[in-house]
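Subject: Structure for you to look at

Hi there,

Here is the structure I promised to pass on. Please open it alongside this note.

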Amino acid sequence: MSVTATRRRRVWRRESLLGYLGLVPVFSVLAMVVAWPLYDAVRISLFDIYLLTGFLKETFVGVQNYVRFARDPNAATYLLNTLIYVAGSTAGQFLVALTLALILGRRIAFAAFWRGLAIIPWAMPITVTAMVWKWILNGQWGILNYLLVRAGILDEYVSWLSSPTWLWPSIILVNVWAGFPFMFINLLSGVQGIPRELYEAGRIDGAGAGALFWRITLPLLRPVIAALVLLSVIIHLREFATLWVLTSGGPGIRSTTLSPLVYVTSFRYFRLGYGAALGVILMSVSLLFTILYLRRVRFEA
Amino acid sequence: MSQAMSGLITRRRFHATVLGGAAALAAGGRARPARAADKLTSVAAMVAEAEVAWEKEVQQKWNQANPDTPWERENIGWEGIFEKVLAYEKAGSPPNLGYGWTGFTVDWHRMGIIDAPEDHLGKAWKDRFADYLTTSGGDVINGKLWVVPIQAAAYGLVSRRDWLKEVGVDPYSIQTWDQLVDTMAKVAKAKRNKPFGLPLGNARNAGEKTEWFFRGNGLQHQADFDPAKRANYIEVLETLKRLRPFIPDDALAQDYTGHRQAFATGVAGFISIGDYYFGEIYPTAKKLMTREQVVIIPYPSGSRGPGKPFSNFDMNCYYMMAHAKDKEKTVKLIDFLTSRDNLLRWSLGHPPLKQWTVDEAVKHRLYGEAERWWLEDVQAIASKVPMLPSIGFVAKNEVQQVYYEHLLQVFDGKMTAAAAYDSMKEKIPALTKAAGG
């Protein structure tokens, strides 16, 4: 090996070492705020930690906390609620975002203004949004009832957030309103990225608006849609604020999803071990979708 | 890359900067507790104008008089107070003073995170407070008072006096549950509304706002499953079911704030609440809170209860955190906060003092003469009817959840009151037992 090659290797090693050194702060922070809490959550989930029988006294119970959830007669309701919330919110946000992206992706007057307007809900803190909607949907003095009755659409006031019929549509409506701009921005950039020539060629071949949408727009948007839907599922699985502000999981457990359940179990019932197990279950489902998402992103890359 | 880097910064300087930064961080980390030792801290849940103003004012007074021991207060809402205090506890840096109400005391005592202030301040301090607060109720455990009383509250039905007048019912004639149900029916018919307010949107509020039915029928609380009192419990559930037609459906989406708003906006005419209600809503509902329109009446009694109207009481309070530093200075702060002047200045509920007069209170309190009629009514209630203490029980939130789910099933007609009792009996005593109750 020549002297030059040895020197080069030394320099390369030094640079690599310096590079790794530069990463230390980032990895330290990640280890502190991600890896450690994750490890601790899994560890705690294997213990019985009940604050009322001694502050932070731990007793190892293995997978008993997980078995407990499986045996909970309400477990099916919590899971079904989670499914309704995640599926409803994702589908709702997607439909609104896609419709707007298709409309505002075209050359229309004041396009920038309309696009800016569509992003406003996203700029508001979610807690504020939910509180405002709670007032709008109030069954006794909410403005929605007032307007609908005045317009002759309703005969009498509806309890939007307590009626078994309207509870989920109302919650999902709020979530769709608050969250659709994220999907909208991404879909809009996807729509704008589709070459105009494809549409022109389609029109020359005699394709109508429907055919252009089904044969050109949708297939070309599919990678974006797949990534967005997966991301939306992950976001809504762990979403807490909207539900908590609107209903706190009520009436009864009618709108309790896994996310508020983790909070209530840990910090209202003081069952930290069981709460951690619920958190790990939620995280595992979320992780499954995260893996799918990452595979999708890598595949697209 | 190395060349580019060396153009900007030498390797030695880079290492020196990284190490220097780390050293500064470490030194900063060490310096903080030293500073913290000099100040006293509190975490409270004050939200109403009156209480926020009070804490700010007394803090200024304390800090001016004690520049060497400043008091730094943190104020968050009721939603997060429990968790925040526990988080500080877990982090090993509890505040000197926590904050809460009687509903917290048993659980915090059970966790071993609070001290009995009387152990530090002595009998003379305890003697400042009304006897009924220091000898009974959920804040007295094993004969000791475990809280720093700030506000006493007498509970009753805050009612629309003008609505009752319209249907020819004397407010104080509502003495039994049958009379309450009859009155609600009359008002509902006359006003074409559902006048009985009850927050049924979550377990905590539903549990707290129906607790008086249990006290009013010979039971201690929702977790009282003494077999000899089965009929008492069932009667409570049946009475609530009888009242259901007069409770709006929207109550099922209502929390405590909505409950208060329902009365303030004229949607509900009868709500169970403490006498702190005046101070809570007076700033936004001045026109409503007058003697002509509103009256606080004692709770009517069940057939197995005290046999006459009653009131119950609880407290809002600071807690002396057991594992906090600077006990000696904390004791001084507690002594200061509970001075007669400061307690009279607190403008919600009524003063927890041994003796106080309405004249004295309106002179000190935020809303002055506007509150006189209310305080007179409160004093009249407190002196005329039995004052039953709120009795604490462990695992309260979890018990309330079980109770709440069953109550909704009774309301929906999916369960009879007796079946709900039997089902709860299987669950609730097990919960309290597991928590050491």
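Below is what I found in it.

This is a predicted model, in which local features need pLDDT of at least 70 and side-chain atom pairs count only at pLDDT 80 or more, while totals for chains, interfaces and linings use all residues. Residues are numbered from 1 along each chain as its sequence is written, with chains lettered from A and ligands numbered from 1 in the order in which they are written.

Let me start with a helix pair in chain B. The axes of α6(B) (residues 117-126) and α14(B) (residues 327-337) come within 10 Å and cross at roughly 40 degrees. On the α6(B) side the contact is made by B:Pro117, B:His120, B:Leu121 and B:Trp125, and on the α14(B) side by B:Lys327, B:Val331, B:Ile334 and B:Asp335 (C-beta atoms, placed from the backbone, within 7 Å).

Most residues other than glycine have a negative phi, and most peptide bonds are trans. B:Arg192, however, has a positive phi of about 50 degrees, and B:Ala395 has one near 55 degrees. B:Arg192 counts as exposed, with 7 C-beta neighbours inside 10 Å, whereas B:Ala395 has 27 and counts as buried (20 or more is buried, 12 or fewer exposed, and in between partly exposed).

In chain A, the peptide bond from A:Gly250 to A:Pro251 is cis, with omega near -5 degrees.

Best wishes

Note on methods: Axes are lines fitted to C-alpha atoms, for helices over the stretch in contact, and angles run from 0 to 180 degrees between N-to-C directions. Helices (H or I, at least four residues) and strands (E, at least two) are DSSP runs, numbered from the N terminus. Two residues are in contact if their C-beta atoms, placed from the backbone, lie within 7 Å.
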